[in-house]
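Hi,

Here is the structure I promised to pass on. Please have a look at it, and then read my notes below.

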Amino acid sequence: MGFLDWIIPRRDTLMESQSARGCTQVPEEEVNFFGLDLRNELLAHKAWRGQLQEILDGKSSKTLSMDDILQYETCRLGKWLQNEGKLHYGHLPEYETMCVAHHEFHVCAAAVITHYLSGDVSQARQLFQTKFRSASNRHQLELVRLFTVAAR
């Protein structure tokens, strides 16, 4: 069982569990929260963080646009937070906390890239290992908290 399975089981695991208890179907909201799947979002976050690490390590020629990084409302999660997430969960304190964590994650990523693009790779790596890592961990934690409360 992986970390993501512990947080939120795969849909097929949920269906087997429900079936064993005499239920025939798992409500879609248990896996997909009005258009956003927690498992996929956490995997996408991990992949994005890995991509940034590869850039810093010189293992990727991909460039990241500062405009794209700073536009926290236009990434997939940002769009969901401003639309479906706000509509269904905007009343929850965890929603607001998630929005703040999401914004801070983007700001920290932008700081890493700013130093990298200016040629200060050591400072970019330092920020990546400290502030960015902390913001990334908080981002994931707050997302899980929001989904945990929303699933109740």
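The side chains of glutamate 41 and arginine 76 form a salt bridge, with N and O 3.1 Å apart. Glutamate 41 belongs to helix 3 and arginine 76 to helix 5, so this pair ties together parts that lie 35 residues apart in sequence. Glutamate 41 is buried, with a relative accessible area of 7%. Please keep in mind that this is a predicted model.

Searching the whole structure gives four salt bridges. Glu104, Arg138, Glu142 and Arg145 are linked by such bridges into a network. Within it, glutamate 142 pairs with arginine 145, their closest N and O atoms being 3.0 Å apart, and with arginine 138, where the corresponding distance is 4.0 Å. Arginine 138 and glutamate 142 are four residues apart in helix 8, about one turn of the helix. Glutamate 142 is buried at 6% relative accessible area, whereas arginine 138 is partly exposed at 29% and arginine 145 is partly exposed at 41%.

Now to the nonpolar side. The largest nonpolar core has 17 residues, and Trp80, Leu81, Tyr89 and Leu146 touch the most other members. Helix 3, helix 5, helix 7 and helix 8 each give two or more residues to this core, and the largest share, five residues, comes from helix 8. Leaving aside residues up to four places away in sequence, leucine 81 touches Lys86, Tyr95, Met98, Cys99, His102 and Leu146. Apart from this core lies another one of 16 residues, including Leu52, Leu56, Leu64 and Ala109.

Enjoy exploring!

Best wishes

Technical notes: Residues are numbered from 1 along each chain as its sequence is written. This is a predicted model: local features need pLDDT of at least 70, side-chain atom pairs count only at pLDDT 80 or more; totals for chains, interfaces and linings use all residues. Side-chain values use heavy atoms; hydrogens and water are left out. A nonpolar core is a set of buried Ala, Val, Leu, Ile, Met, Phe, Trp, Tyr and Cys residues joined through side-chain atoms within 4.5 Å. Buried means under 20% relative accessible area, exposed over 50%, partly exposed in between (1.4 Å probe, protein chains only). Contact means heavy atoms within 4.5 Å.
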